Amino acid sequence: MHPFLGFGLGLRSSHFEEIITTKPDIDWFEIISENYMVEGGKPWYYLEKIRADYPIVMHGVSMSIGSVEPLNLQYLDKLKQLAHKVEPKWISDHLCFTSVGGINSHDLLPMPYTQEALTHLSARITQVQEYLGREMIFENVSSYLTYKESQMPEWIFLAELSKSTGCKFLMDVNNVYVSARNHDFDPMEYLNAIPHTSIAQIHLAGHQDFGTHVIDTHDEDVPNPVWDLFRQYATSLGPTSTMIERDGNIPPLSSLLNELSYAKSLVGDIWFNEQGNIKHG
Amino acid sequence: MNKVILSMANLANIQQQFMDLLQNKPNDLIKHIAKQGELKASERLSIYQNAYTIRLTGVLEQDHEQLGKYLGDTLFDKMVAGYLKCYPSQNTSLREYGDNLPVFLSKTPPFKQHVILADIAFFERLLLKAFDAKEAETLTSQILESLKETDWPLLVLNLHPSVHLISFETSAVESFQALKNDKTPPSANTNKIRHWLIWRTPDKRTEYRSIDQEEFILLNLIKEKKNFSALCQSLTKAHKPETIAPLLINYINVWLSQGLLIKHT
């Protein structure tokens, strides 16, 4: 259902000009939906040119799917209009809440992993997908706390959500690593618990390690523990659209291309045969 | 059914407590946080509180760089703290987060005593609005040249959606410009009104220039959808009748070259 797009990058404004002039060897780009919810200007000018040459997927940060307040239909309308213009391969957002009482935190706040939250999220995901008239993909978020109310680990919560809604996931391997360090669990137990058939996309990113805890900053190169986790996961996962997501301290495009090449080399023998074609079965 | 309603109330309570925590309002979220490892619950909550403040502060710093220089670090931090408290974000996009900053500065002491602060903030917001404005196909001289002579009196010109016209009694724009070039800003009060035109050029650059009273009136008349005759009429007091049409054509040629005029929508 979700094709293997290859290896992509998060599209960032500082790389716009270089991308349209050099047309680098990148299989696809992911845009931040909210950055294009404007009427015109430079971002649109460049996006129109870039999407003529590359497949695009949309990634949002403000749907607030887990919030108990009513769905923000104004936001969903904008998302729908954007999708109509961009024609993305798919649209994703995060499994979290971002707004309460009309106030936006602009942060990806964690849900308690309770049966009731599961019921709530299942209903909201169905509602959003019906409103948009298309399937959504949801990303796991990093977290720094566990609610006393939680009745199950996050990975069981996600597996149950997949069972009840059939929804697909964008697995951020860095986020799994960050949460595993902050909550002291085995990241592979997390990754293996979620049906591999429900994984539509992978994010790879960096973080800041403070010893006692790790903060998900997405402003560093992908570190070795995340690469290791990705390779281990890839062994059982099979070919899945994978990208480097850099949100801050944006390096030159060449640096991200090197990271992307490294990602390919890590899974090359696992996902592809000697002719470079996808291995099946 | 009761169980579900009760649980939703719990979920709602946690979410409200979380938002109160971020906004430094009284809350008891800490009671909901499990003890884990070396990091205390309070330290875990601080990670979210810090991220909230840093993220919104970063937006205001980025959108209002020259205002930040004008105020200096201490006053800018005071402004940010006050603004975050008065205006939590009500938008899904951070682009609009600072939209209320000019109002905040014009109403809140000690900032309100210095009108130039709200003016600089407003000018910086207009630059951002011009940057994101809707696309529109620019009008060309060929189209105007193809008009019949009888079409001209009723001709209604259209401004590009990125065009903003603004007047300041302070040296807001001159100060913005000086600070951008790392120079000392001039005195805040100019004792005269200055008019400014802000727009986005066809090659997507955000531009601004000072305009005189005459051009300001003409552009405002175009904004009000007044026709060519009305534009000519506005020039009759200051100019001889035979010079009015050529003068207006001259203005139009400048506006065309700068991408200020668009085809009929």
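Select Leu9(A) and then Ile244(A), its bridge partner in strand 12 of chain A; strands here are DSSP runs of E with at least two residues, helices are runs of H or I with at least four, and both are numbered from the N terminus. This is a predicted model, in which local features need pLDDT of at least 70 and side-chain atom pairs pLDDT 80 or more, whereas totals for chains, interfaces and linings use all residues. Residues are numbered from 1 along each chain as its sequence is written, chains are lettered from A and ligands numbered from 1 in the order in which they are written, and side-chain values use heavy atoms, with hydrogens and water left out.

Turn next to the contact of the two chains, which takes 46 residues from chain A and 43 from chain B, contact meaning heavy atoms within 4.5 Å. Together the chains bury about 4000 Å², 64% of it on carbon and sulfur atoms; this buried area is the accessible area (1.4 Å probe) lost on being put together, summed over both parts. Select Gln15(B), Tyr48(B) and Thr92(B), which supply 19% of the area that chain B buries against chain A, more than any other three residues.

Notes: Two strands pair if DSSP finds at least two bridges between them. Buried area is the accessible area (1.4 Å probe) that two parts lose on being put together, summed over both.
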